[in-house]
Amino acid sequence: MSVISGKEPPVAHASQSWDASTRSLNYDYNGSRLLSMSIPEGIKPYYREVSNGNIQSSPLAQQLYLALDKPAEVKVIVYLSKEAINMRPNRAVRGQAILGQVGKPLLSGVNGLYDVLQDLLIDWHGAGWKWTKSRLEQNEYGNCQAELEIEGGLRPWIVNLRMHYYRMHLHYEYHKPWQWRPQMQPITGWSSWEAFAQQVTGEDIERTASFLETHFKPYGLTHMQIDDGFQREAIPPERDGIVADAWLSTNARFPDGHEGIISSIVGRDFQAGIWTSAMVTNPEFVDAHRDLFERDINGDPLYGQWIEYVIKAVPETLAEQVAPLYKGLKEIGYSYFKTDQIRHYLYEGLHKAVHEGCITSEEASRSLRAYLQCAREQLGEDAYFLACWGVLTEAVGIVDACRIAGDSNASWTAICKQMVETARWYHTQRILFLNDPDYVCVRTEKDWGQTLLSLVSLTGGLMIISDNTDLYDSERIRSIQRCIPSLPTMTGETGPLDMTFPLDLSYPQHNASQTREEYAYAILGLNDGMRESYVTASLWAIHFDLPFRRWCVAGRFAIVPLTEVELELEALELDSSDAYHAFDFWKQSYMGKFSVAIALDPLELGACQIVGLSKAENRPQLIGSSRHVSMDAVSVLDECWDNNLLRLELCGTRGMTEHYWIKVPASYTLEEHSGIGLAITIDDSACEEGWLLTLFIRFEAERGNVFLSFKT
C-alpha cells in the first residue's frame, strides 16, 4: 500500500478491479487501495462495475454492493489514512446515545468509517457483519486499516462512499483537512468575564492566578484568559490612531499594562489568553477615515447593532488596522486568542449591506474570511484561535475552536442551552474545530455545576471556568478538580445539523429556587411535563480505547426530568452478549455486573449520572477512580496483569489521596500489596461474584506504581 499524500483527494469515484489469483474484489481511490474483499473458493460474486454505482455526481455519492450465489463469510479490509475513525453515519436517534471516542476503538454496531484527512465517509448496510479486531490498527506505512467479516449471500452488502463529505455533502466548503487541521489538544482554563465582567482589574487577575495555581494547576488547568475590560474605552482611542491602539495599551484598572497581566499569568506557568473584538466605536476616527469602512445605501460608513462601525476587509485596511493588533498581542506574550462579535461583523454588519444591495452575500463571506485569515497570519499556526460566537462556516480551516452556544451564566436556562448546543454540534467536534460551549459557571447550584463540568470534560469541549473564585466552597473546588483536564474526545457520529429544537431562547434566567421546568422543556421544543427516559442531548456514550485498557463512560444528563429506565447496552454501542462492571462516579459506588441492560434511576432537573462500564474479565481489574470523571483516562498511565500480579502505574497531585476500585472475582484472593512513590491503604468488601477492593492512594510523588499480588 502507498502512503496517502497531502494532495487534495479527487471528487471522483473509486475504481473497481477483480484479482483472480487472490479472489479479491478491490476498489482504489486517490492513488491507493481503499477496499479489498476476499471471496472464498467456489463462490460466485455479484458486484456493480465501474461507474454504474454512482448515485449522483455532485456532491458525489458512490454505492458499491457485494452479493454471493450462496452463503459465505467474506473478509473485508478497509485502508485509510492515519487520522481515520470509526463513525456512526448518522446522528443519534431516539434511544441511542450520542457517541464520542478517545483513541481508535471499533464499536459494535457502528457501521461507518471516516477518513479525516481525505474527508471520505464510508458506511455499509444490508448483510450481517462484525469487526474482527477491537480497534483501528496501524499498518507498515503509518496509516490505519480496519477488518470486518461479512455474512455474504443473495442479500447484498451495500457500501456507500461519500467523497468530500463535510466539505460538499454537509456544505462546510472551507474544510480541507489535507491542507490544514486545527490544534487537537484539550484546553482547560479560566476566564475573567463571568467573574468580573468589564470591571476586571489587574488585582483581580493576580489574586485569581494565585488561587488557580494552588487549587487547579496541579490537576490540569493550563490557561488564563482575560476578557472584555482591559482595553481602552474608545476603539481606536484617538482620531488619528489605528484600531490596534485600543488593545495594545490597557486602561487605568491595569496600571502595569500588559506586562503586569503577563507577569501574573505566564509567571505562574499558565498560557495567557486574551479577548478582542471586531468592533470600531470611535465616530471621530470613522469621520476622519471613511474609506476604511464598508458603506451603507446612503454612502455613509456602515453601522450595525452590536458591531457598530464595520471595517472594510480589504488587504490594505487589514494590514494597517487589524494585523498590528494580533501581531502586537502575540509579541507581548499571549498565546490564546478569542475574537468576539465576529458573528455580528457578518450578520449585523456585512449582511446589512447585502440587504441594501451594496455588496453580495459572497462578498460578505469573503470579507469575514479575510478578516479571520489576517488574524491567523499574524498569530501563526502555534497560537490557539477561538472564533466567537456561533458556528461560522467561513471560519473553518482558519480557527482552532468555535463557540457553539450563546452567552452563558449561572442560570439553568443558560446551562441547558450549553448542553443542547453541545449535542447539536457534536458532529463537528475535532473534525472541523474544537467545540466551545462558552464558560462553565460552577458557582451555580451544585448539581448543575457537576452536570455541566461532567459533560464538557467527557465530550472534550473547551473547558473554561469563569467565576469569582471567592465563591467556590470546598465541594465546588473538588468537583472542578475531578473534571479537569478536559479530554481529547472526538465525535463518533456524523450527519446533517439537527434543527428540530430552537436556538438560544431568551427565557427568564432564574436561580434554582425560581427555576420553572416548563422553560427547560421549551428549550427542547417539548411540551411541559413530558417525563421521558430519553430526550435530545440527555444520553451520551464516550468510548475509551487506550493501549492497556478499554471501557465506556455512559452519561445521563437531566436537561429535563428523566424517568427511570432499563438502558439497553446496545444503545451505548456495547456488545450486549458481554457482561460489564458498572461504577457510578459521583456516588463513588459499585453498581454491579450487567448484561443486555442496566437499570438507572430517575433524575431530577439538572442532575446527572456518570457510569463507567468495563467489560468483565475473569481476573482482578480496575473499574473506577475518584480522580477524574472519565474513570480514568487521566491518572492511570498503565494497567498490567501478568502471572497473578496486577500493576497500576499512576500519576497524581503530590500530597493528595485518590481512590481506585478493583473488582476481584471470587476465585482470587489478595495476597499482598506494595507501592513505589505511593502510600496505599486497602479496604475490601464482599460484593456480587467476588470482592471489591478500594485502594486509598496517597501520592508521595507525582508518579508511582501499585503492585497487587493475588492467589487462586
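**Reading a predicted chain, feature by feature**

Me: How many disulfides does the count come to here?

Reply: A disulfide is a pair of cysteine sulfur atoms within 2.5 Å, and by this rule the count is zero. Take C441: it is in no disulfide, and the nearest cysteine sulfur, that of C388, sits 14 Å away. Before we go on, keep in mind that this is a predicted model, where local features need pLDDT of at least 70, side-chain atom pairs count only at pLDDT 80 or more, and totals for chains, interfaces and linings use all residues. Residues are numbered from 1 along each chain as its sequence is written, and side-chain values use heavy atoms, with hydrogens and water left out.

Me: Is C441 buried or exposed?

Reply: Here's the scale: buried means under 20% relative accessible area, exposed over 50%, and partly exposed in between (1.4 Å probe, protein chains only). C441 has 1% relative accessibility, so it counts as buried. C687, at 22%, is partly exposed.

Me: Which residues line the middle of the largest pocket?

Reply: General idea first: rolling a probe the size of a water molecule over the atoms shows where empty space is left. A pocket, on a 1 Å grid over the protein atoms alone, is an open set of points where a 1.4 Å probe fits, with protein on both sides within 12 Å along at least five of seven lines; lining residues have an atom within 4 Å of a point. In this model the largest pocket has 35 lining residues, and W193, D228, W275, D340 and Q341 are nearest its centre. Its volume, the space filled by probe spheres set on grid points joined across faces, edges and corners, is about 750 Å³.

Me: What is the volume of the second largest pocket, and what lines it?

Reply: Its volume is about 650 Å³. There are 31 lining residues, with S134, R550, D578, Y580 and K615 closest to the centre. The largest share, four residues, comes from β28. This lining splits into 14 nonpolar, six polar and eleven charged.

Me: Back to Q341. What is its phi, and where does it sit?

Reply: Phi is near 60°, a positive value in a residue other than glycine. Q341 is in the loop between β21 and α8, and at 12% relative accessible area it is buried. D119 has a positive phi too, near 50°. That residue lies in the loop between β10 (112-115) and β11 (120-126), and with 0% relative accessibility it counts as buried.

Me: Which peptide bonds are cis?

Reply: Look at omega. S58 and P59 are joined by a cis bond with omega about -5°, and P59 is in the loop between β5 (54-57) and β6 (60-68). The bond from C388 to W389 is also cis, with omega near -5°. W389 belongs to the loop between β22 and β23 (401-403).

Me: What is L455 in contact with, beyond its sequence neighbours?

Reply: Contact means heavy atoms within 4.5 Å. Setting aside neighbours within four places in sequence, L455 touches M419, T422, W540 and F557. It sits in helix α11 (residues 446-459) and, at 1% relative accessibility, counts as buried. In the loop between β24 (434-436) and α11 you'll find D438, which is buried at 2%.

Key
Helix = DSSP H or I, 4+ residues; strand = E, 2+ residues; numbered from the N terminus. Nonpolar A, V, L, I, M, F, W, Y, C, P; charged D, E, K, R; others polar.
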